[in-house]
Every structure is written in structure tokens, then in C-alpha cells.
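Biologist: Please put the chain on the screen, and then I will ask about its fold and a few of its residues.

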Amino acid sequence: MIPEPVRRMLDDDLASRSLGMRLVDAGPGFAVVRMTVTETMVNGHALAHGGFVFTLADTAFACACNSHGPVTVAAGADITFVASARLGDELEARAEERVRYGRSGVYDVTVRRGDEVVAEFRGRSRTLRAPG
């Protein structure tokens, strides 16, 4: 069952929806998001633009770190591109919480095309203070 904070966040996430991202699964500290590489995501080398691969990983990261409830945002992230993706490829990003401490957290996201790793992403999160 998808945590309610994740569902609410994605309902308001026009950027991810407009790229055709689909939340497949989510729970406390993890999320799985899929996206198909479309013709508007391909660069001048006929490869998926790295920014779109990053965005997919970032969306899975956001779902995982917001699964606990309080509004949580990215404090930073890094990505390593391992293999190229191409037009029509179905990519899956699987985010997993590594550690939460205080208002901070560390999450790893692996982006795959089938069994092949396309990218590895590490995100650092920060939970916002409640207003007031």
C-alpha cells in the first residue's frame, strides 16, 4: 500500500507526471518508479539525456524519503551513469533508505533497464521544520 504522504506529493507533482513516471511500489523508506524514454528525452547522440535519468532517480528518492510523513526535500544528490539508455527503453528506479539521523537521511537509487544497471544515484535528504 502506497503511503499517503507519497500519494499526496505525487498528486501535485506535474513534472514527474508529465514525463510519464509511474509509481509502482512504495513503503517506509523505499520506492519504485518507472518511466519510458520518449523521443523528447533523447539527446543529439540518440541517447536518453542524462537529466531525464537523474529526474527519474530523483523522483524515486523523493517518494522514499517522504514515505515517513513529514515534508522532506533533497539536500544534495550525485549520480554515476553506468550505461546508456535509448528511445523506447523502460527504466526503473528503485530507491532505498540507508540511514536517517535527526532531520537528515541518505538514500541510494539504482536505475535499471531490465537487469542492466543504467545509473547509481545517492541522495541526501532534509526534513523541513513544521511551520510555526
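This is a predicted model: local features need pLDDT of at least 70, side-chain atom pairs count only at pLDDT 80 or more; totals for chains, interfaces and linings use all residues.

Modeller: Residues are numbered from 1 along each chain as its sequence is written, and side-chain values use heavy atoms, with hydrogens and water left out.

Biologist: Which pattern does the chain follow along the sequence?

Modeller: Helices (H or I, at least four residues) and strands (E, at least two) are DSSP runs, numbered from the N terminus. The chain has three helices and six strands. Read along the sequence, their pattern is α-α-β-β-α-β-β-β-β.

Biologist: What is the radius of gyration of the chain?

Modeller: The radius is taken over C-alpha atoms, and the globule rule is 2.2 Å times the number of residues to the power 0.38. For 132 residues that rule gives 14 Å, and the chain is close to it, so it is as compact as a globular protein of that length. Along its principal axes the C-alpha trace spans about 50 × 25 × 25 Å. The radius of gyration of the chain is 14 Å.

Biologist: What percentage of the residues in the chain is buried?

Modeller: Buried means under 20% relative accessible area, exposed over 50%, and partly exposed in between (1.4 Å probe, protein chains only). Of the 132 residues, the buried share is 41%.

Biologist: How many Å apart are the centres of the positive and negative side chains?

Modeller: Lys and Arg count as positive and Asp and Glu as negative, while His and the chain ends are not counted. The place of a charge is NZ of Lys, CZ of Arg, CG of Asp or CD of Glu. There are 16 positive and 17 negative side chains, and the centres of the two sets are separated by 6 Å.

Biologist: Is Val6 buried or exposed?

Modeller: Val6 lies in helix 1, residues 4-11. Contact means heavy atoms within 4.5 Å, and beyond four places in sequence Val6 touches Leu23, Cys63, Asn66 and Ser67. Its relative accessibility is 0%, so Val6 counts as buried.

Biologist: Where is Asn66 found?

Modeller: Asn66 is buried, with a relative accessible area of 6%. Leaving aside neighbours within four places in sequence, its contacts are Pro5, Val6, Met9, Val71 and Thr72. Its place is the loop between helix 3 (50-65) and strand 3 (72-81).

Biologist: Which residues is Ala57 in contact with, leaving aside its neighbours within four places in sequence?

Modeller: Ala57 lies in helix 3 and counts as buried because its relative accessibility is 0%. Ala57 and Arg122 are 65 residues apart in sequence and 9.0 Å apart in space, C-alpha to C-alpha. With those neighbours set aside, the contacts of Ala57 are Ala93, Val109, Val111 and Phe121.

Biologist: Which residues form one aromatic cluster?

Modeller: Rings of Phe, Tyr and Trp (its six-membered ring) pair if their centres lie within 6.5 Å; planes under 30 degrees apart count as stacked, over 60 as edge-to-face and the rest as tilted. A search of the whole structure finds three aromatic pairs. One cluster consists of Phe54, Phe61, Tyr107 and Phe121.

Biologist: How many Å apart in space are Val82 and Glu97, C-alpha to C-alpha?

Modeller: Val82 sits in the loop between strand 3 and strand 4 (90-101), and is exposed at 51% relative accessible area. Val82 and Glu97 are 15 residues apart in sequence, and their C-alpha distance is 21 Å.

Biologist: What is the phi of Ala46 near?

Modeller: Ala46 lies in the loop between strand 2 (30-36) and helix 3, and is partly exposed, with a relative accessible area of 48%. Its phi is positive in a residue other than glycine, with a value near 65°.
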